[in-house]
Amino acid sequence: MSATTADVIIIGAGAIGSAAAYNLTKKGLSVIVLERSGYIGNGGSSRNGGGVRQSGRDPRELPLAMYGVKNLWPSLSEELGMDVEYYQRGNLRLGKTEEHLRILRGLTQNANECGLDVRMIDAAEAREICPYLSGEVIGASWCPTDGHANPMLVTLAFYRAARRNGARFITGCEVTAIQKSRGRARRVVSSTGEIFEADSVVLVAGYDSNAVLASLGFFVPMSPLLMEVLVTEEMPPMFYQMLGTAMADFYGHQSSHGSFVFGGSSGYEAYNRNNGTPVSSSITAPSMCRAVLGYFPALSEAKIVRTWAGWIDECADHVPVIGLTDEVPGFVFGCAFSGHGFGISPVAGMLLAELAAGETTTLDVSAFAYDRFKAKI
Amino acid sequence: MKRYDLIVVGAGPAGLSAAAEAAAHGLGVAVFDENSRPGGQLFKQIHKFFGSKEHKAKIRGYDIGAGLLREAEGLGVKVYLNSPVTGMYLDREIVAETDGAVSHYRADAIVVATGASENMVAFDGWTLPGVMGAGAAQTMMNINRVRPGSRVLMLGSGNVGLVVGYQLLQAGCELAAVVDAAPRVGGYGVHAAKLARCGVPFFLSHTIVKAEGETRVTGVVIGRVDETWNIVPGTQKHFDADTICVAAGLSPSTRLLLMAGCEMYEPVPGGGRLPVCDEFTGKTSVQGIYAAGDVSGIEEASSAMIEGRAAGAAAAAELGYISGGELKARLDKLETALASLREGMFAPKNRGKVFVKTDEGYDISDSLLRNGYLADGEATKYPGVKSVAGIHPVIECTQNIPCNPCQDACPKGCIKVGTNIVSLPAVDEKAGCIGCGMCVASCSGQAVFLVNEDVGGGFATVTAPYEFLPVPQKGERGVALDRSGAPVCEAEIVDVRTSPSFDRTFLLTFRVPGEQCSRARFWRREVRRFGRD
Amino acid sequence: MRLTDHPILGRPDRGRVVTFNFDGGEMSGFEGEPIAAALRAAGVAVHRYTKKHRAPRGVFCAIGRCTDCVMVVDGRPNVRTCVTPLAEGMCVKTQYGAGGGELGSSAAPEAADGRATDEKV
Amino acid sequence: MVVINDRSRDLGPFMPADDDGLIICRCEEITKGEIRRAVHDGMFNLHEVRRFLRCGMGLCQGQTCGRLVRSIVARELGTPIAQIDEATARAPMRPIEMSVFAKEVEDV
């Protein structure tokens, strides 16, 4: 591999880009990863709640999530040589009203139809699983095989392992265009005019993918949603389930370190303004605190030490775009993960690597094809 | 949402000045501070300020703070105490925590005056209880009124280290040493001299090797550093101490400015980011947001107060409360005052430069920079030190620092600084000194003495400023100490003066043998080697 | 360690004397002064022991920034004692690790199932 | 400042040093040696070192150690310190209880 040529170029060094790089290096392929920001995992990869969930997924996405939980997550720390703080302690999705339970039953039924073990439990059983629930909780859905991991460590672990295997990561390198050469996507041009060349190009750049896609004449219908996360001080070990609610007003977990990580919203995420960096809104963290304390009053004295915001690449139909296209051979889509990319990042990395390597994919990705977006009538 | 014309974050010298200035122009102003009392660092600063009259020179920090607070509150400024600002959001919105709840506020302009925080140096044992910031020690003794320890070693010879070191002595602590890895004293020589003549040793080109102790500091080992900052083998020295203070400089507390999206830059690599802003009004790259005081660059509180005024005036103009012409007139006046503080060898623009001569061409004392005191015989090189008959001031002020109260204090015109306040004071031996002592009490650096070289019987008298307890009594016998704190002779107190205009500085006059009058600069009660046989 | 007089600041103007509990023993201090000041006056230097190295820590910045002086106050861990005013009857405890407090000492099933000890790192 | 940073460039072997055991992040008890090793492991800036080791992610949020960590990272990389970005500033400026943050009141 010379300085600017490789078998595969990956644009975007988030969790999925780094996972793809790792998988490609394991296949013996040379990889260059180009990242616009100065940091590995600068986007949603280090700004999410860490859920490794199957429950609550779109049926199209569920096979990916289930494959990952069954085959990849349990051994990920060992595979990558560092602890990524994966906990398979189940997912509690909580309800306080009959209306909530109705929603939970619907989600449970969908999951069951796809073969996932999710069941409705009553308040007593929920409290047995997690004794800190408020008295207002009247029931929950329970998926025992769900869990969570530390997204920052997962991203850095894939990066570290890929780098050790020889993948060349370049940060601070903004890609402005992908160009075809001899009928394939081969050339990647940076803002400083540098040209990188490969046999395949994988684009995993979150919402910003559209700016690069334009150079190939592509557009993915997605919009940036600002989502926020808050982190508490280190708390004594309390519970390690992944948590959510029927109303999706917050989600989160307690980390290895002891801090709680909660994501959530104020309801105005689609309308937040952008001052160039994702800035947290003044009303979201208080809203999340009220939501969390409604379910976990024991956390009322937990001190928040940090909040952060990140953009979600929310797809028009809420599932990602993964795959090849006949229009431009050699080009691989990997974007619009819609805020649930982290839990499937090891799988997505595996699939993108298979696509880039010209292999048959382990799982069917046809549901995520780029050309699925059609006018409604 | 509650809305103010101007919100000021931080009730220190810059913040209160900005608030008072803006309120005087008619703005509705609120100030938020996380502390239970306003004033920022001013209430910890018990020394007299430098500068000139317009900078409130020779007034102690806490009195300046009290005055600013009265002024601001008199103008209707709302001061929110115990109210940390938790964040600054788009369009000049802040969220503040008060009484167990948060509230949202918006302002048409915001002055961020969040000050600075102490830098830390890591060394073996630096996490032990007893190692603390110099500012922490200052807070404990001057605000909480508790001694931080009994025997303290100070790391850092900048003004913070020197001033806090002196305050530790005033609080009754022992100061084991002042240690600095730099080869020269970083702060004002006059501050160093105050410590040295009390017997505090200076170890320049030294740093802490380790703090000793199991559950708290019991001792310190220091060692000399070479040019590459490594410890030279065999140079280690041990001190008994229960406290180590670290005065390693300050970093601007810029987090709110960062959160607001203000453009930043880093003038000194590794020194920390500063907001890109007008160096006078503090106007940042974000519309309506100003930075004033240390958060826009570390300077003295005197400068911070002027920057605060300028920011307050600029906000008033931005919001239409004063015209452009009025703003210009106001700023011109403030700018002149600020410019005079930003002159001299300690000016922000001269940071890191090594001066070997004063503006006037006098050599800077090497001994002062390495040991903290002028060597014997050196003082007479300077224009403030003259040998004349009768009582006269001796001004051991040998660096260009912005300060002139001595000139204003003398009713007889014996002392000339001139219009440039960083000039060295010169004594006019022809003007008739009456020995009133106003110059001695007015000198914020305690560098002025009254000397009468011949009071008869082969004796001389030296009058020195004294700010310790207990105050000696007339007739008490003790020893005179030289500039290094070494005893030079027996000395009897012949006069102790105090006056409201001296502002808690006592003037001790002690009698020494005539030949010692150029060396004796301090008095100590204990009679040791010079006890009567 | 208390300053009873000072050449510049004079005699301190203190609040009323209150009693509080420190690690099971009774102590007194002045109402409204930082908890850390009352402890310092009583000669207490160690506020907590850290989680990893069990190393002692005390007051470091004294302005609420560094969080080294945190203790368990009235059952709440991680209270910054340098900026928290002392009140009558407060219960102040040396903090060990993250403080545990009431939460950690209760028989939480997750804590009991070995989670606390199967930390990988 | 975003600079082009090739993460595969050779930093040379990790050289153990006498002061590797020195605590740098007081809150999370992270040592100088851990930080230096993290750099050799590819963590080329403050953000990644923080995420990798948790240094600067404790109760004080790196307000005490940030400057120290930055200089260690720069030295280990042999990079001018100006090229090592400081940490991002995030709310809240001081730790705040969830119950307090949850309670929004209108000041009148």
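Modeller: Two residues are in contact if their C-beta atoms, placed from the backbone, lie within 7 Å. Helices (H or I, at least four residues) and strands (E, at least two) are DSSP runs numbered from the N terminus. This is a predicted model, in which local features need pLDDT of at least 70 and side-chain atom pairs pLDDT 80 or more, while totals for chains, interfaces and linings use all residues. Residues are numbered from 1 along each chain as its sequence is written, and chains are lettered from A and ligands numbered from 1 in the order written.

Biologist: In what order do the nine strands of the open sheet stand?

Modeller: Strands pair if DSSP finds at least two bridges between them. The order is β5(A)-β6(A)-β4(A)-β14(A)-β15(A)-β16(A)-β13(A)-β17(A)-β4(D), with mixed pairing. At the edges, β5 of chain A and β4 of chain D each pair on one side only. Within the sheet, β13(A) and β16(A) are antiparallel over five bridges; Val231(A) has Val261(A) as its bridge partner.

Biologist: Is Pro275(B) buried or exposed?

Modeller: A residue is buried with 20 or more other C-beta atoms within 10 Å of its own, exposed with 12 or fewer, and partly exposed in between. Pro275(B) is buried because it has 26 such neighbours. Its contacts beyond four places in sequence include Thr254(B), Cys262(B) and Ala291(B).
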